[in-house]
Each structure stands twice: as C-alpha cells, then as structure tokens.
Amino acid sequence: MKKIAFIAALAIAALASCSKSIEDGFKSEIAFQVARHKTVTKADDYKDNYQAVPFGAYAWYKGVSASDNAEFMKNQKVSFSDPVWKPEGTTYYWPKSGSIDFICYSPYTADGTNAPLPTITEDGISYPAWNVGAHPDVDVMYADKVTGLKNNTTTYYYNGVPTLFHHALAKVSFQIKQSYMSVTSDTGDITSWVITVSDIVLTDILTSGSLNLTLNPDGTWNKPSVWDSTGGTKEDIDLLNSDITLDGSNQGLVSDLMILPQSLTDGQKVTITVTIETYRDLNDGNGPQLVLTETNIPIEGLLSGGTLDHIGINQNVTYTFNITPSLGTQTTEDKDGDGIPDMVPTVVYFDPAVDEWENITVNAGINI
C-alpha cells in the first residue's frame, strides 16, 4: 500500500475480453477476442463490463511481397454478436497469404463527439485534446499491437484476434475517517469529539489533455506516465452532497471517479470544512458535557501529500482523508489495522515561570 498525505492506496486496475472464429467452408472470418489488462492474474473478460461498448479496429495487410502491403481496416466498428466480437456492417476474411497487423481502441467513435477519436498509424496512437471532466463516464482504452497474424487464434478466452486493452485514464476514489473518537486520560476523565463535515472540495484538478503513444522496438507501447495537459482546463470538484458526521470508520465519498492522469506538482489540493464539538466526562455522574465548539474550520491538504507526485495512466488510487479532532502527533502504530498510522492528541501542559520583581524607589515625602 502506498501512503500519501491522507493515505493513498495504489492498485493497478484490471481489464479483459472474448470472441470466437467462424468457419464457413474454406473461408475463415475475422473475429476478435477482447481482453482488459490485469497485471496480477489472468486478464478479465472485456464482455463482462463492456458488452455494450463497441471498439474501433485498424489493420494492415503485409504481403509476401512488400508491394502488396495494404490498409485492411480503418476505424472499423467491432461489436458483440453472440457469441463473438466481429466487425459491424462488413465481413472480413483472412487472406490466403501474408499476414495482418492490428491496433484497436475503445470505445468506438466515428467523429470524436462521444469519445476521443485517436489518430492511429502502424507505429503510434495519438489522442487529441479530450476533456475528461465533460465526459466522466468514458473509459478510454487502447490495445496492444498484434503483428503477423494469419488466422484466428486462441490467446485469452475464445478464438479470434487477441485484443488486450489497457486504461488510458486514471480512476480515483475518496473516503474519510475520524482518526480517534475519544481519549481517556491518566486522571480518568474522558474527552470525546464529534466531527461534522459540511464541505469537501478538490481544487485545480486538470481535466483536459492529449496523449501520444509510440511503439517500442519490442512491440510494446512507450507511454508517458501522465497526459500532456499543456494549456488544458482545470476544475474544482465537490465530493460531498450533504453534511456527514464521522464515526471512526472509513466512510465513502465518491468512488471510481475517472480523471486525467496528471502530475500533482501544480498545487492540486483538498479543502475540508468541519465543525468540531468537544465533550468532557469527569466521571461525576453527569456524563459527557459539551465544553467547546469550533465552527466551520477549513482544513487543507495537498493531494500529493509529499509522497505521491502524480496520478498515472491505468492507476486506481484511493484517498483516505484522516481527520484528527485536535492537534496531535503521528505514531508508528496501527492498532485498528486500517493501514493508517495512529494519531494521538496533544495534551495541554503549562510552562510556568516567575518574572523578577521590578524594584522601584519612590523619593517622595509623605506627611502624616
């Protein structure tokens, strides 16, 4: 688990796919077996979460003679036709000789209005400026390039062109927790706190940018860690719809927010507005008594937290805002096992001293 200012856990997101070849006599129809990339275990089936999301395909025929090379598919829409993923509106067959290279992207778009339409060449994918904030539900993905394919093949789930997709954006979730609810002192009295959160706002979040991927000699994509957001737009994002009272557990705010992969060196921060009520129980039979109310206190923190300098492509980041109800210090312990170091409140002490006497001699006569 990677910890940042408010504790952020980084987890690489998963993805996968599926499809079948169709034999008709001596003709072999081109189908696709689509997958979403997963780094830990086998790739997930793309159809599980994206059955209604067609993707775009580009293909190039490579002949026995270089003079026969030709463009084979150009932004061909591929959709699910049970039980396979196949080109929509046109049927393609494997040629007798040579081979075909493929590059795919998701989701499919004809004009770039509902999703970014990349410029795809045999050795590159270039995404134009895309505003993630205006299209928060679009999961932009690109697939590994497949080269030298001569027929449908089984790589992931079914028989077809192996199409392994990777996320091009980042995904972020937010939760909040009160670090401790009460403390019992050495004298036996109990101090407790109630924190009410009225506002949580992310500021200066980059929402638009462009992305260029180039092909490495080994056939993998050479990609930057973040999108190019030069001249891009920034937005503030409100994470809270109504007031919440913290209870010591991790309370969810917003989940799976699609954002532009970006450097966090531009001052992106969170501002949390809280009201803190302090109660003291003197064990005198009167129970907890309200002794102090701090109203609408703004608490600010950088999203970088000093340890996370960017939110990268294909990363799934979870922020936990750990709110302490009083001034405190961080320990090395994690007694509740939530991955967040425990905080302890700072006790009020006194530093007494006595100033020297100021000696004054009064030369004045007093008549009695």
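This briefing walks through the main features of one predicted protein model.

The model is a prediction, so to speak: local features need pLDDT of at least 70, side-chain atom pairs count only at pLDDT 80 or more, and totals for chains, interfaces and linings use all residues. Residues are numbered from 1 along each chain as its sequence is written, and side-chain values use heavy atoms, with hydrogens and water left out. The protein chain has one helix and 30 strands; helices (H or I, at least four residues) and strands (E, at least two) are DSSP runs, numbered from the N terminus.

- The average pLDDT for the protein chain is 87, and 88% of the residues score at least 70; pLDDT is the predictor's confidence in each residue, from 0 to 100.
- Residues 1–26 are another story, with pLDDT below 50, though this stretch has 125 contacts in the model beyond near neighbours in sequence.
- Contact here means heavy atoms within 4.5 Å.
- Where pLDDT is low, the predicted coordinates should not be read in detail.

**The chain as a whole**

- Of the 368 residues in the protein chain, 43% are buried; buried means under 20% relative accessible area, exposed over 50%, and partly exposed in between (1.4 Å probe, protein chains only).
- The protein chain exposes about 19300 Å², and carbon and sulfur atoms supply 49% of that.
- Those areas come from the Shrake-Rupley method with a 1.4 Å probe; for residues, only the protein chains shown count as cover.
- Take the contacts between residues at least 6 apart in sequence: 70% of them join residues at least 24 apart.

**The largest nonpolar core**

- This core has 31 residues, and Ile200, Tyr319 and Phe321 have the most contacts inside it.
- The elements giving two or more residues to the core are β16 (170–178), β18 (190–206), β23, β25 (269–281) and β28.
- β18 gives the most, with six residues.
- A nonpolar core is a set of buried Ala, Val, Leu, Ile, Met, Phe, Trp, Tyr and Cys residues joined through side-chain atoms within 4.5 Å.
- Leaving aside neighbours within four places in sequence, Ile200 touches a list of residues including Ile176, Leu253, Val270, Ile272 and Phe321.
- In soluble globular proteins, nonpolar side chains tend to be buried together.

**A four-stranded sheet**

- Look for an open sheet with the strand order β10-β11-β19-β20 and antiparallel pairing.
- Its edge strands are β10 and β20 (221–222), each pairing on one side only.
- Two strands pair if DSSP finds at least two bridges between them.
- β11 and β19 (residues 208–215) run antiparallel and are joined by six bridges.
- Ser126 sits opposite Asn212 in β19, and Tyr127 has Leu211 in β19 as its bridge partner.
- Strands of a sheet pair through backbone hydrogen bonds, either parallel or antiparallel.

**Cis prolines and a buried aspartate**

- The peptide bond from Asp82 to Pro83 is cis, with omega near 15°, and Pro83 is in the loop between β7 (70–81) and β8 (84–87).
- Another cis peptide bond joins Ser106 and Pro107, where omega is about -5°.
- You'll find Pro107 in the loop between β9 (99–106) and β10 (119–121).
- Both Ser106 and Pro107 are in contact with Asp139, as are Tyr50, His167 and Met258, leaving aside neighbours of Asp139 within four places in sequence.
- Asp139 lies in the loop between β11 (124–131) and β12 (141–143), and counts as buried at 11% relative accessibility.

- Asp256 is not a glycine, yet its phi is positive, near 55°.
- Asp256 lies in strand β23 (residues 251–259) and is partly exposed, with a relative accessible area of 45%.
- Asn314 isn't a glycine either, and its phi is positive at about 70°.
- Asn314 is in the loop between β27 (310–311) and β28 (315–323), and is buried, with a relative accessible area of 11%.
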